[in-house]
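Hi everyone, thanks for coming.

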Number of protein chains: 2
Amino acid sequence: MAVKLLLKEIRAVLPDGDGVQLSRCDIGVEGGGVAFVGQAPPEFAPDKVIDGSKRLVMPGLINAHTHAYMTLFRNRADDLPFRAWLFDRILPMEDRLRPGDSYWGAMLACCEMLRSGTTCYNDMPIFSPENARAALDSGMRAVIGRGLVGEGYDDPGGLRRLGEAEAEIAEYRGCGEGRLRFMLAPHAPYTCAPAYLRRVIETARRLGVGIHTHLGESRGEIAGLKEQYQQTPFEYMEAAGLFALPTVAAHCVYMTENDMAIAARHGVSVATNPVSNLKLANGVAPVPKMLKAGINVALGTDGAASNNSLNMLRELGYLCLLHKGWNEDPESLPAARGIFIATMGGAKALGLADQVGSIEPGKRADLTILNLEQSHWYPHSDLLGALCYGAQGGEVETVLVNGEILLENGSFTKLDEERVRYEAQRVSDRVCGG
Amino acid sequence: MAVKLLLKEIRAVLPDGDGVQLSRCDIGVEGGGVAFVGQAPPEFAPDKVIDGSKRLVMPGLINAHTHAYMTLFRNRADDLPFRAWLFDRILPMEDRLRPGDSYWGAMLACCEMLRSGTTCYNDMPIFSPENARAALDSGMRAVIGRGLVGEGYDDPGGLRRLGEAEAEIAEYRGCGEGRLRFMLAPHAPYTCAPAYLRRVIETARRLGVGIHTHLGESRGEIAGLKEQYQQTPFEYMEAAGLFALPTVAAHCVYMTENDMAIAARHGVSVATNPVSNLKLANGVAPVPKMLKAGINVALGTDGAASNNSLNMLRELGYLCLLHKGWNEDPESLPAARGIFIATMGGAKALGLADQVGSIEPGKRADLTILNLEQSHWYPHSDLLGALCYGAQGGEVETVLVNGEILLENGSFTKLDEERVRYEAQRVSDRVCGG
């Protein structure tokens with residue numbers, strides 16, 4: 001239920017160009033949206049008031065690339081080379097998943113994401129519609145894109161997957177008062193043949209949905225595509241016509257200048273995943289260069305099998321710290337820009353910029369409230385720096401999505417977290433062999 | 001007061017060569033030390049029992065390089081080039097510090113470190129003896145090395161600082177039932193002339209203490225030393241005779257093969273500071289190569305002005321993730337090795353390997369107990385992976401130093417955390433100009 005709420009004299013992370021700024025103000029929530037930012041009008045009669053004196057409110061974090069169900073595989077395949085990780089560990093575990101299993105993985109992901117301040121996520125599952133159902137049941141905002149792989153225009157497996165995606169979209173589109181959106185998710189250049197991509201593009205156009213894909217994640221992908229097609233992943237997807245549709249490209253560790261020009265020209269958003277790229281030893285994406293090229297950059301955790309956390313506050317720290325060191329430039333990605341990327345960057349990438357990503361009157365009330373009474377936040381000074389370089393996740397106290405309080409003072413209002421943990425443990429023990 | 005405590009059937013991080021392993025067992029604490037690991041003897045009658053079923057115990061983390069007082073400057077100087085950071089922001093703030101101020105900064109650091117599972121830290125302050133007093137009052141184990149800079153053998157400033165260090169050592173050595181140790185801390189090659197180093201070395205030898213210094217932190221340092229002395233920082237310090245004493249060298253971002261041979265030959269320990277090196281845009285230290293060269297590596301956060309967190313669990317994640325991505329080698333630093341570095345590596349560096357760094361009968365009971373009932377730790381599987389790649393800090397529930405419970409179920413038993421925050425805020429607002 002959407003609440004009528006007043007945040008009284010709270011430090012708020014507000015929009016400021018391609019960054020954010022802090023301001024102390026009142027914020028009103030009503031009818032699921034932000035009613036005002038500034039001073040509460042005298043006639044505003046809230047059902048609930050949150051004292052802002054020791055708190056900070058920010059736009060809910062947007063996880064722009066994840067595979068929520070993969071919490072089931074968390075900590076089950078660490079410190080391995082990519083091929084051993086994928087073929088010896090992850091794929092055999094995925095093969096043992098039964099219908100209904102990934103629901104619990106996704107629900108666990110939602111518990112974790114809400115507890116660390118994420119209100120919206122861009123999901124690429126391999127089962128449907130159970131992941132859409134998890135998003136719906138969790139109360140979170142989500143964009144679901146069932147992963148698609150296919151070898152040709154009429155590849156039966158590829159068609160089956162596409163059919164499942166289409167059925168799911170027909171059933172769940174617009175559910176949860178608009179919280180649920182959909183994309184099609186052709187997995188990657190090396191798993192989707194050009195003819196299959198043609199089929200996916202036709203379907204996406206017919207359904208009026210965007211695209212979520214992996215691009216340029218590893219050196220192996222670059223080399224393979226170069227050998228087979230004499231193209232980079234971006235050139236390959238541009239040639240296939242993918243970028244005529246709104247596209248979120250995850251990873252993009254390897255991009256040429258020309259790739260960046262392609263992305264900028266077509267308005268392709270990049271969802272960067274710094275931790276996953278480190279953990280799987282793929283490298284570091286050229287994010288500061290992307291920003292200079294005018295590309296919209298969003299932030300994602302990737303799945304828990306390659307991270308192993310879905311904590312976007314932690315990911316934000318990696319984003320801002322890593323590029324400073326990598327580029328030997330302390331100004332390459334300031335805190336305010338990082339916070340923008342983790343919120344508004346995601347909203348833009350997901351086509352939700354008019355609804356979420358910033359705290360503004362008229363937008364939906366997807367809000368994350370942090371308790372600042374923590375020694376690691378003291379002394380209170382530049383709290384954007386604290387958010388970016390010091391936040392752990394546990395500071396998150398209260399979270400609203402669509403004006404509904406999902407987490408209140410550290411307790412879930414509708415999710416049965418104990419049940420979710422129990423079921424996820426049960427499934428994980430079975431598919432991972434104990 | 002040292003407690004007689006039983007940890008009942010708890011998952012424990014136990015020693016395993018140059019790594020660690022997990023085992024479920026009973027652990028007894030008595031007389032400030034670890035009495036047994038395995039099954040509790042029937043005659044053991046504890047005053048207190050902690051149920052281990054949903055908990056994990058690890059050796060207290062050892063922060064092998066920090067400047068505890070610098071919490072006062074936290075988030076006051078972000079996203080700046082090194083020289084602007086140091087000369088325009090940090091030094092003017094340090095100049096405004098009055099005696100007694102840095103005590104509160106160090107106490108705040110202790111609150112933060114204990115809350116994130118650190119039991120011992122290697123401190124380089126610039127005021128004395130107030131930082132020794134803070135360590136004493138906090139209940140933590142600490143090695144204090146007042147920072148020393150000097151231009152010659154008889155440089156008055158250098159002599160004053162050395163005199164202060166010596167007086168502090170005379171007064172506090174062995175205090176707190178052996179919790180307090182000391183080193184001398186010649187700041188860096190570029191702030192300590194060879195003649196002054198000679199004086200420091202003579203003094204350290206006379207006092208029987210080791211050395212804590214910064215080495216090879218930035219390209220600027222390398223270039224400056226090369227121009228002035230045609231030496232690397234390691235060559236410079238070896239020539240000065242520093243390495244005849246037990247030495248902890250912080251940072252070491254830039255090391256040649258020969259530097260590594262020097263460090264290995266003299267048993268110099270490196271305290272690596274991955275986050276600080278990223279934040280100040282210095283780069284990434286060649287830690288996997290150091291390990292191959294047989295160098296003992298420890299982990300530190302550096303000060304809060306360049307991190308901005310003293311959370312060693314977070315630092316551990318950066319340690320293990322960063323080198324995988326940097327070296328494009330997912331096996332370059334596995335979780336178990338990282339945990340060893342963050343515990344036993346620190347103990348070795350500080351000359352405390354016979355006392356702390358691992359959970360073994362006869363060692364002091366410096367223990368960190370985590371509560372595993374957290375969604376981001378589920379499903380429970382490889383918990384070393386969870387510790388390394390997923391821990392946030394807030395899981396830390398109970399912490400013992402020298403067998404004394406300092407943090408119990410998230411509450412401090414002797415530290416007045418609210419007072420500490422208040423005083424640190426007051427001092428910080430004054431020295432940082434509000």
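Let's start with Glu423(A), which is buried because its relative accessible area is 8%, under the 20% cut-off. What does its side chain meet? Glu423(A) forms a salt bridge with Arg426(A), at 2.6 Å from N to O. Both residues sit in helix H15 of chain A, residues 417–431, three residues apart, or about one turn of the helix. Arg426(A), for its part, is partly exposed, with 39% relative accessibility.

A quick word on confidence: this is a predicted model. Chain A has a mean pLDDT of 96, with 100% of its residues at 70 or more. The scores are ipTM 0.97 and pTM 0.98.

Now over to chain B. In helix H15 of that chain, residues 417–431, Glu417(B) and Arg421(B) are four residues apart, about one helical turn. Their side chains meet in a salt bridge of 3.1 Å, N to O, and both residues are buried.

Next is Lys4(B), whose salt bridge with Glu30(B) has its closest N and O atoms 3.5 Å apart. This one links distant parts of the chain, 26 residues apart: Lys4(B) is in the segment before strand S1, and Glu30(B) is in strand S2, residues 19–30. Lys4(B) is partly exposed at 22%, and Glu30(B) is partly exposed at 39%.

How values were computed. Residues numbered from 1 in each chain as written. Chains lettered and ligands numbered in written order. Predicted model: local features only at pLDDT ≥ 70, side-chain atom pairs only at ≥ 80, totals over all residues. Heavy atoms only, no water. pLDDT = per-residue confidence, 0-100. Salt bridge = Lys/Arg side-chain N within 4 Å of Asp/Glu carboxyl O. Helix = DSSP H or I, 4+ residues; strand = E, 2+ residues; numbered from the N terminus. Buried < 20%, exposed > 50% of the residue type's maximum accessible area, 1.4 Å probe, protein only.
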